[in-house]
Amino acid sequence: MACNASKTNLLRAIAKRGYATCPRPVGDTAAINVNVLDNKLVVATADASVPVTRVSIVLRAGARHEAYDTLGASHMLRLAGSMSTQNSTAFAIARHIQQVGGTLISWGDRELVGYTVETTSDNVETGLCYLQDLVQPAFKPWELKDNTKTLLNQLDAVSTKERAIELVHKAAFRRGLGNSIYIPRFQLGKLSNESLLHYVASNYSPSSAAVVGVGIDNNTLSGFAQTLNFPSGGGSAGKSEASYFGGDARKDTAGHRAVVAVAGEGGAASNHKEALAFAILEQAVGAGAATKRGNSAGLFGEAVSCAGDAPVQFRALNASYSDSGLFGFVVAADGKEIGKAVDFLARALKSGAVSDKDVARGKALLKARVMGKHSSDGGLIKQMGRQAALTRTVLDANTLIGAIDGISLQQVQAAAKKVAGSKLSVGAIGHLANVPYASDLA
Amino acid sequence: MASYIARKGPMVFSNLGKWAYNMSGFNQYGLHRDDCLDENADVKEAIRRLPRKLYDERNYRVMRALHLSMTKTILPKEQWTKYEDDVKYLEPYLNEVIKEREEREDWNKNH
């Protein structure tokens, strides 16, 4: 297969050697170049801080695009990173990338599926060569069958906390965004090669995909992106609007622990200001302790300490999707104690109150978190990939920090009021004897 | 899948080929050429990859042939596999398996 996407011409090679381009210092954030190709594919690049090149293909084919009978297709797409494609075998992909010391990672969430390849900068060609094949997965029936065990292992490795979050999504959105990012057990071995290829064909299209790179020149990556072969009939799947319902999704299991996720309607990423306000609110009410084994300050922290001395693990939950979102908390405790903790936390969530001191702390924490993510190459490429695929543009760290500073106290309070006024969703797993229902919390 | 459509009949038709085919005798048991391949590792893997229907049909033909052989009979002539109708159903799968094996062997030689 011809792979001349990243051939450097002689002059550029000499220039590169002459200037000995220094990677950007670790901890510094990079300027980002965004370029939209003729076929509406977005290409975004940034400088690396280490001599490692990372390139991602991000496709809008996450769990929300699954129909009822293709539930789990997006999980199979993540698995496709380790299976044969139309052009190359699984063996070739794995060995060639390993041989140059690279890695290939597939990841996904409710909206996106992405493949990231990491190689040293001089071996980027090998990485790209196999990355481009992944746009055309083959899903050979026997490979699907051989991977059943892998899937089962992956499902068994899903923590109860993650499952509670999946359940609260199901309760909140029912379908679309309510689809789990993990394949349901009844679908194991039921997704045929044809239905997966159809899913790929209807969701992979250049106008909803993005190619992002860290530590690669924008022209080179654009050249590579131009050679990508998207399946024909791409993007025929219409996007279903997410609508928030609220309610319960409970799963009783053996044991004495319970994990409960409670959430109301949060901010959509399409509304930048609201999404940022919710992100600030998340930090303000308690998105995990800032110090190791420390206490979480903020509204939720106080609510939990009011609930009693029983050990309770909790954190705020904020999920912003392109057209809807969830905001609430996840709490884990002994099944006997959890009822009280959920009650107090839900009351805090319903109070819709947030002080200016909390908002100031929330802003500072969020800014630190944004900077932290943007200053490592691995974090940066994920941020860029998400933004490029969903919003078709990428904001650099400074713009984001500016936008966070621009959010007023009223906007954060409005966000808190919005979630306080919305119907709640409860996702719970474990020993649920004392877990309240959504209607009890209202 | 489109690329796995089997070839029917001989690659090049010839009277000599037809004579040899009929002389070989397996067609009198209702077998196809691909039913009689020596089951080495490649063929075993290719058989594993067959779609369920082709796999069952193959098994049926093999069992019928074993039964005929045991009873020392052959099928009535109208049920013999014809030279022109012999389906090489295993060929696309087998070729792929061989290509994959060669790729692995090449890799082990060169790295």
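Two residues count as in contact if their C-beta atoms, placed from the backbone, lie within 7 Å.

This is a predicted model, in which local features need pLDDT of at least 70 and side-chain atom pairs count only at pLDDT 80 or more, while totals for chains, interfaces and linings use all residues. Residues are numbered from 1 along each chain as its sequence is written, and chains are lettered from A and ligands numbered from 1 in the order in which they are written.

## The nonpolar cores

Val260(A) is among the residues with the most contacts inside the largest nonpolar core, together with Val168(A), Val262(A), Val331(A) and Leu345(A); this core has 137 residues. Helix H10 (residues 272-286) of chain A supplies its largest share, nine residues. The core lies between domain 1 (15-226) and domain 2 (247-441) of chain A, because both give residues to it.

A nonpolar core is a set of buried Ala, Val, Leu, Ile, Met, Phe, Trp, Tyr and Cys residues joined through C-beta atoms within 7 Å. A residue is buried if 20 or more other C-beta atoms, placed from the backbone, lie within 10 Å of its own, exposed if 12 or fewer, and partly exposed in between. Another core, of six residues, lies apart and includes Ala46(B), Leu50(B), Tyr89(B) and Val97(B).

## The two domains of chain A

The domain assignment, which is automatic or taken from a database, divides chain A into domain 1 (15-226) and domain 2 (247-441). Their C-alpha centres lie 27 Å apart. The contact between them takes 40 residues from domain 1 of chain A and 38 residues from domain 2 of chain A.

On the side of domain 1 of chain A that touches domain 2 of chain A, the largest share, 11 residues, comes from H7(A). The residues of this side of domain 1 divide into 23 nonpolar, nine polar and eight charged; Ala, Val, Leu, Ile, Met, Phe, Trp, Tyr, Cys and Pro count as nonpolar, Asp, Glu, Lys and Arg as charged, and the others, Gly among them, as polar.

## Chain B

Chain B contains four helices and two strands, in the order β-α-α-α-β-α from the N terminus on. Helices (H or I, at least four residues) and strands (E, at least two) are DSSP runs, numbered from the N terminus. Of the 111 residues in chain B, 13% are buried.
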